[in-house]
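Reader: I'd like to learn how to read a sheet and a cavity in a model like this. Can you walk me through it?

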Amino acid sequence: MPDDARARQRMGTGLGVLLALVLAAVLLTALPDDGEREGGGACAPRSVAAWSADDGLTGEFSRYGDNPSRTDDWTGGDGTHSVRLPDGRVLWLFSDTYLGQVYSPPNPFGESHTWREATAPLVRNSAVVMRDGRLESTLATPLFPDPAPNQWRWPVAARVEPRSPGSSEQVLRVLLWVRTAGQPPWIFGVPTATEVATLTLPDLRVESVVKVLDQQLVPDPSRRVLFGTTLVEEDGWTYVFGGDDGQAASRPASQAYVARVPEGRLGEPGAWQYWNGSEWAGAGARPRAVLGDGQRTGVGSAFSVVRVRGTYVLFTMAAGTKGLTTVTSYWACSPAGPWHGPTKDFSPALPQGGQVAAYNPQTHPELSDDGRLVLSYDVNWLETGGAAAQLSRNVSLYRPRFVTLRLAQTR
């Protein structure tokens with residue numbers, strides 16, 4: 001080949017390489033950063049490598065609930081969520097809660113269980129204050145009154161944030177699920193709306209409650225979405241996850257959804273953005289599921305998401321019959337997914353064999369440290385018709401239990 005032809009060939013090859021590098025650089029600037037890009041350096045598959053019972057935390061709720069000197073505060077509840085307050089206290093939020101006096105064993109059936117009268121008060125929500133690892137008091141109950149006859153509020157995730165963007169004053173924002181009494185299969189209420197309550201600090205006074213997403217116009221209750229089962233704070237946004245009630249409509253698993261809100265604006269309905277499958281859309285948009293095919297993959301009625309070293313990890317009860325006993329997880333590089341899994345399962349201890357079920361796995365990052373993640377799960381009697389009597393016969397059943405997890409990269 002003549003020298004000038006070789007020179008032209010080398011020039012062409014060089015220009016091709018240069019154009020390829022320029023194109024790659026343009027594409028990289030258009031992609032999300034490593035924290036959100038699939039397979040990025042800050043994100044890797046993670047699953048449960050080991051777990052063990054956390055007897056200390058479980059025992060603290062037993063100690064507090066069994067104290068016979070108190071007659072008007074928390075003795076058991078479910079829907080366990082927690083949030084650390086600016087002064088170091090931890091506020092524990094519960095849905096249906098038993099109050100009243102507890103009695104030492106034996107119970108009226110001669111069993112060695114702490115028990116309560118069948119007429120003990122049951123309220124729809126409560127909040128218990130912990131200081132330095134010790135539960136010390138129950139706030140006036142119910143903390144969030146019923147919005148209307150035959151409706152009630154269940155508190156879910158919460159966070160401390162500025163009263164408004166840039167404000168130096170902090171408030172506590174609590175997500176609430178509104179449900180309406182219904183007929184089977186809606187024995188736990190028909191999904192109605194998502195609300196946000198604002199509480200003053202440090203006195204924890206309920207200042208206001210705002211409806212951020214009304215679902216009453218969605219004709220099929222199984223397609224209604226309630227947000228707030230869990231949230232993650234990241235880069236000035238609060239990512240709020242929610243789910244539908246597909247399990248009540250004979251689907252083995254519900255579907256998960258996600259919204260986001262700028263920091264300081266959780267209580268503003270117009271500030272909420274919902275993932276619609278391709279972008280974040282404003283108020284009035286129809287959310288699209290980010291996880292769940294209604295069969296093999298999906299979530300339980302309540303689940304939890306935590307961010308671990310760039311990876312989002314979601315914990316839920318497994319689909320199908322394993323959902324009564326077994327916790328599984330999924331992972332993703334961004335809140336909107338794609339979500340991968342399910343990954344390795346684990347089955348925490350349950351009292352009284354197959355007569356009870358586990359549900360509502362919730363992570364508690366404020367009680368965790370590097371490499372160690374605290375997760376709670378709730379326990380209830382399987383036969384709903386006789387549940388109240390069984391939960392009073394043995395008050396230890398209807399209380400949160402805790403495990404400590406260690407997550408590991410799986411590749």
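This is a predicted model: local features need pLDDT of at least 70, side-chain atom pairs count only at pLDDT 80 or more; totals for chains, interfaces and linings use all residues.

Reader: Okay, so what holds strands together in general?

Author: Strands of a sheet pair through backbone hydrogen bonds, in either a parallel or an antiparallel way. Here, β7 (residues 126-131) and β8 are joined in the antiparallel sense by four bridges.

Reader: What is the strand order in the open sheet?

Author: Four strands run in the order β3-β4-β7-β8, and the pairing is antiparallel. β3 (81-84) and β8 (134-138) are at the edges with a single partner strand each, so one side of each has no neighbour in the sheet. On average, neighbouring strands are turned by 30 degrees against each other, direction ignored.

Reader: Which strands does helix α2 lie across?

Author: Helix α2 (residues 55-66) lies across β4 (90-94), β7 and β8, and its angle to β8 is about 40 degrees.

Reader: Now the cavities. How do I look for empty space?

Author: Rolling a probe the size of a water molecule over the atoms shows where empty space is left. In this model, one cavity of 30 Å³ or more turns up. The largest cavity holds about 50 Å³ of space.

Reader: Which residues line the largest cavity?

Author: Its lining is Trp177, Arg179, Pro191, Arg224, Leu226, Gly243, Asp244, Asp245 and Ser301. By class, that makes three nonpolar, two polar and four charged residues.

Conventions:
Residues are numbered from 1 along each chain as its sequence is written. Side-chain values use heavy atoms; hydrogens and water are left out. Two strands pair if DSSP finds at least two bridges between them. Helices (H or I, at least four residues) and strands (E, at least two) are DSSP runs, numbered from the N terminus. Axes are lines fitted to C-alpha atoms, for helices over the stretch in contact, and angles run from 0 to 180 degrees between N-to-C directions. Contact means heavy atoms within 4.5 Å. On a 1 Å grid over the protein atoms alone, a cavity is a set of points where a 1.4 Å probe fits but cannot get out, and a pocket is an open set with protein on both sides within 12 Å along at least five of seven lines; lining residues have an atom within 4 Å of a point. Grid points are joined across faces, edges and corners, and a volume is the space filled by probe spheres set on the points. Ala, Val, Leu, Ile, Met, Phe, Trp, Tyr, Cys and Pro count as nonpolar, Asp, Glu, Lys and Arg as charged, and the others, Gly among them, as polar.
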